Amino acid sequence: MTKLKNIYSGFMYDCKKLKTIDLSDFSNVETIGNYFLQNCSTLETIDLSNMTKVIDVGERFMYGCNNLKKVILPPNLESLKERRKSSFIGAGYIEFEIKNA
């Protein structure tokens with residue numbers, strides 16, 4: 001388990017060859033900043049369910065992830081606030097799932 005508490009803006013911005021990402025050790029994360037995985041155009045699936053302390057995400061959270069098929073959101077995520085409606089622009093059809101805490 002990592003002690004990382006905040007994922008700052010541009011965490012993996014523009015990683016165009018990233019197809020999968022394992023964030024299962026990131027259970028202490030409380031904040032996901034802007035542009036988290038923006039323009040990771042080959043990313044297909046992401047599971048954030050172990051990030052149980054995250055209640056909100058930054059702008060353009062996964063903007064431009066046009067191959068994204070499935071997102072498993074943290075169980076305590078309260079909202080993708082109105083100002084964050086740009087979070088998934090450029091993404092195709094996405095299946096969302098929220099795991100129980």
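The sulfur of Cys15 lies 4.8 Å from the closest cysteine sulfur, that of Cys40, which is too far for a bond. Cys65 has its closest cysteine sulfur in Cys40 too, at 5.2 Å, again too far for a bond. A disulfide is a covalent bond between the sulfur atoms of two cysteines, counted here when the two sulfur atoms are within 2.5 Å. A search of the whole structure accordingly gives zero disulfides. Cys65 is buried, at 0% relative accessibility, while Cys15 is partly exposed, at 26%; buried means under 20% relative accessible area, exposed over 50%, and partly exposed in between, using a 1.4 Å probe and protein chains only.

The model is predicted, so local features need pLDDT of at least 70 and side-chain atom pairs count only at pLDDT 80 or more, whereas totals for chains, interfaces and linings use all residues. Residues are numbered from 1 along each chain as its sequence is written, and side-chain values use heavy atoms, leaving out hydrogens and water.

Turning to charged pairs, the structure holds three salt bridges (a side-chain nitrogen of Lys or Arg within 4 Å of a carboxyl oxygen of Asp or Glu). In one of them, Lys5 pairs with Glu30, with the closest N and O atoms 3.8 Å apart. This pair links distant parts of the chain, 25 residues apart: Lys5 sits in the segment before β1 (6-7), and Glu30 in the loop between β2 (20-21) and β3 (31-32). Strands are DSSP runs (E, at least two residues), numbered from the N terminus. Asp14 forms a salt bridge with Lys16, at 2.9 Å between the closest N and O atoms.

Conventions: Helix = DSSP H or I, 4+ residues; strand = E, 2+ residues; numbered from the N terminus.
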